Amino acid sequence: MSTSRNTLVFIIILALLTPLSAQAALNVFACEPEWGALARTIGGDAATVFTATTAHQDPHHIQARPSLIARMRRADLLVCTGAELEIGWLPLLLRKAHNGRVQPGQLGYFLAANQVRLLERPTRLDRSEGDIHAQGNPHIQTDPRNIARVAKALAARMAELDPSQAEGYHRRLTDFDDRWQKAIARWEQRAAPLKGAAIVVHHRQWPYFEAWLGLHQVGELEPKPGIPPTPGHLAELKARLKANPAKAIIHAAYMDPSPARWLSQKTGIPEVTLPFTVGGTDAAKDLFGLFDDTIDRLLKVIQ
Amino acid sequence: MHNRLRHRAALLPLALALSITPAFAGSSDDIAQIKQMLVHMKKEYAARIRQLEKRLAKAEQRAKQAETAAQEAADAANAPAPATPQSANAFNPGIGLVMNGRFQHFSRPASEQAIPGFSIGEEGGKGDEGLSLGESELGISANIDDKFYGQFTGSFVSDGGADGIEIEEAFIQTLDLPGGLGLRAGRFLSGIGYLNSFHTHADDFADRPLPYRAMLNNAYKDDGVEVRWLAPTDLFVELGGELLAGDHYPAGGRAHNGVGAWAAFAHVGGDWDESNSWKAGLSYLDTEARDRESGDGDLFTGHSHLWIADAVWKWAPGGNPYERNFKLQGELFMRSESGAFTPDGGTPAGYSTDQNGWYLQGVYQFMPRWRFGLRIAGLEADDPGPALAGSSLDTLGHDPRHYSAMLDWSNSEFSRLRLQYNRDESRPLADSQIILQYVVALGAHGAHQF
């Protein structure tokens with residue numbers, strides 16, 4: 001009697017544990033919101049996506065928090081930018097999470113920057129140049145054409161990891177790409193007045209965006225990439241802008257707006273907060289909203 | 001082509017003017033002739049312009065074709081290029097060198113290094129006075145292959161005018177064991193406590209908190225193996241165990257055939273909300289000492305065990321620590337040692353004691369690059385009894401206390417300058433200390449450890 005009751009208890013415990021292990025959905029760990037949104041779009045209900053950072057955090061300066069290690073432990077696929085953007089925290093997470101599936105070289109290790117051609121590859125690698133990245137500028141998500149390229153590679157990778165859902169990944173990719181290409185055409189048309197406009201940026205994180213829409217970067221608030229703006233550098237920039245004015249001073253939502261505001265007040269050049277990634281502004285709810293809002297905000301000040 | 005067209009257009013009125021001017025002097029015949037000429041010219045030019053327009057349209061079409069081809073080429077070029085040229089050096093591991101130098105000024109003599117009530121290890125003191133070079137650490141690390149990661153940290157120490165090299169860490173670690181297990185072997189900083197596994201250059205103060213100095217010789221490291229298990233939960237739960245040689249303070253003499261120490265620890269952590277995260281842990285270190293040298297020529301043979309409870313809380317608005325952040329950490333130490341203690345120049349005496357230690361520190365980054373911190377630390381030890389009166393274990397009836405304030409400035413992630421003031425009451429007579437320190441990192445990017 002007691003043996004059969006023990007057996008019953010054992011079966012119940014097993015039954016309780018089984019849903020955990022039999023969870024079929026692909027567990028995705030996305031480093032940045034744009035890749036989280038993309039993985040959700042392509043993964044649909046076949047993927048559970050965790051996004052490690054928000055649009056209000058600086059992706060260079062994330063700490064390997066215990067919560068991130070715990071999430072990485074169960075991931076089947078990590079989707080990160082790469083190109084050393086996460087060099088301060090991703091290697092540490094990978095070492096601490098004891099998860100063989102997402103180590104470099106495994107199918108579960110996917111870097112978006114490896115799918116596109118990087119701009120601003122430094123010719124001189126020296127830390128006196130600031131926080132530069134040897135592979136090139138990692139902020140690739142500001143050009144929607146890059147997102148289309150990453151989407152294709154990501155769908156292929158997801159299908160490789162989870163062949164039973166391959167058809168679904170492909171279907172959602174085709175659907176997304178269709179809407180995305182139309183949206184790109186729409187954005188390019190709307191953004192035509194931005195072509196050739198001179199802008200000042202807080203951090204050197206817009207080269208892909210500038211190349212896409214033909215904007216012209218004439219200054220940076222940071223004296224060197226990753227080094228916060230100094231009064232001396234801002235004063236010098238102010239003098240330079242007096243002689244050669246720009247149309248806008250832009251910065252990402254996660255950055256301190258005060259240096260841009262100061263310069264805006266001194267020069268009369270409007271300052272614009274751009275979402276930079278999904279969630280950066282209220283309107284940037286998804287990838288489409290990200291570019292809609294970015295272009296809207298620029299068109300308000302650049303005519 | 002455009003140019004040629006424009007030249008002709010400019011010439012036309014000129015030609016007309018030239019031909020018309022003499023016409024006023026001529027007869028009606030001439031006028032008729034001129035009219036005829038004009039009609040002829042008009043026709044001729046119209047034909048020529050048509051011809052030119054055709055050629056222009058053709059050229060435009062060709063230019064458009066070229067543009068499309070260029071766009072396609074650009075798209076093709078947008079495919080990822082091979083990242084780095086192939087060479088043997090491409091597989092070089094990450095190499096990073098950390099250097100630090102300091103100036104220290106004490107109001108009490110620099111010879112007063114001991115902490116009454118404790119027989120401390122050789123690194124547990126307050127260090128040299130004046131200008132000195134601290135430890136320079138050379139770190140080399142890389143994935144060995146798809147299964148192992150390796151790390152080596154050599155420490156170049158300049159102590160009292162003599163330079164020496166020490167192996168700080170040299171370990172390998174598994175990368176893909178199933179079930180959340182990780183194994184480590186070699187020499188490493190033990191996973192006990194919170195601060196123990198950090199290299200000192202990553203600390204928020206220029207010196208280790210008092211209990212780390214008094215009970216762990218700054219940090220416990222040893223040769224051994226370690227296993228860690230990470231639970232498959234959203235809450236961070238990590239359990240770990242270590243078997244160690246027992247060759248470093250508070251162990252000594254490689255007891256039990258070179259397995260003279262073991263440790264066990266558990267850590268839990270998580271995010272409270274977007275802005276607040278935490279980690280807490282409980283650790284136990286069990287060490288055997290055989291003729292352990294400490295203090296200034298003391299010898300200890302016996303058993304030493306240590307419990308550590310640790311907690312850290314970090315705040316960053318919106319989870320973005322770049323502008324402002326705050327970190328509060330504290331640890332509690334309880335150690336008991338029993339065995340035979342031979343004070344410097346004395347005779348062995350039976351010894352059994354309980355010692356406690358604690359510290360609490362807060363560091364606030366109030367603007368990018370600038371941080372301010374306060375720390376308070378204390379120790380308590382049992383009186384060792386009359387047999388050991390006058391030895392380093394004699395508490396002199398005093399409970400050590402240590403108060404610190406620091407301000408540091410980091411130009412980048414790779415350089416930091418620090419000014420620290422200590423009121424060191426670890427001895428009955430308080431010592432006011434000023435420390436100026438620089439810490440810089442060359443080469444491989446450091447990790448943002450929590």
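The model is predicted; local features need pLDDT of at least 70, side-chain atom pairs count only at pLDDT 80 or more, and totals for chains, interfaces and linings use all residues. Residues are numbered from 1 along each chain as its sequence is written, chains are lettered from A in the order in which they are written, and side-chain values use heavy atoms, with hydrogens and water left out.

**Helix H2 of chain A**

- Because 9 of the 11 residues of helix H2 (residues 33-43) of chain A are buried, the helix is largely enclosed by the rest of the structure.
- Helices (H or I, at least four residues) and strands (E, at least two) are DSSP runs, numbered from the N terminus.
- A:Gly44 follows H2(A) and has a positive phi, near 55°.

**Contact between the chains**

- Chain B gives 59 residues to the contact (heavy atoms within 4.5 Å) and chain A gives 47 residues.
- The two chains bury about 4,200 Å² between them, 50% of it on carbon and sulfur atoms; this area is the accessible area (1.4 Å probe) lost on putting the two parts together, summed over both.
- The interface has 3 salt bridges (a side-chain nitrogen of Lys or Arg within 4 Å of a carboxyl oxygen of Asp or Glu).
- A:Arg74 forms a salt bridge with B:Asp234, with the closest N and O atoms 2.2 Å apart.
- On the side of chain B that touches chain A, the elements that give two or more residues include helix H2 (28-77) and strand S10 (276-294) of chain B.

**Backbone features**

- The peptide bond from B:Tyr249 to B:Pro250 is cis, with omega near 10°, and B:Pro250 lies in the loop between S8 and helix H4 (255-258) of chain B.
- A:Ala83 is not a glycine, yet has a positive phi of about 50°; A:Ala83 lies in the loop between S3 and helix H4 (90-96) of chain A and counts as buried at 2% relative accessibility.
- B:His256, in helix H4 of chain B, has a positive phi near 50°.

**Confidence**

- Chain A has a mean pLDDT (the predictor's confidence in each residue, from 0 to 100) of 92, and 92% of its residues reach 70 or more.
- Over residues 16-22 of chain A pLDDT stays under 50, and the model has 0 contacts beyond four places in sequence for them.

Technical notes
Buried < 20%, exposed > 50% of the residue type's maximum accessible area, 1.4 Å probe, protein only.
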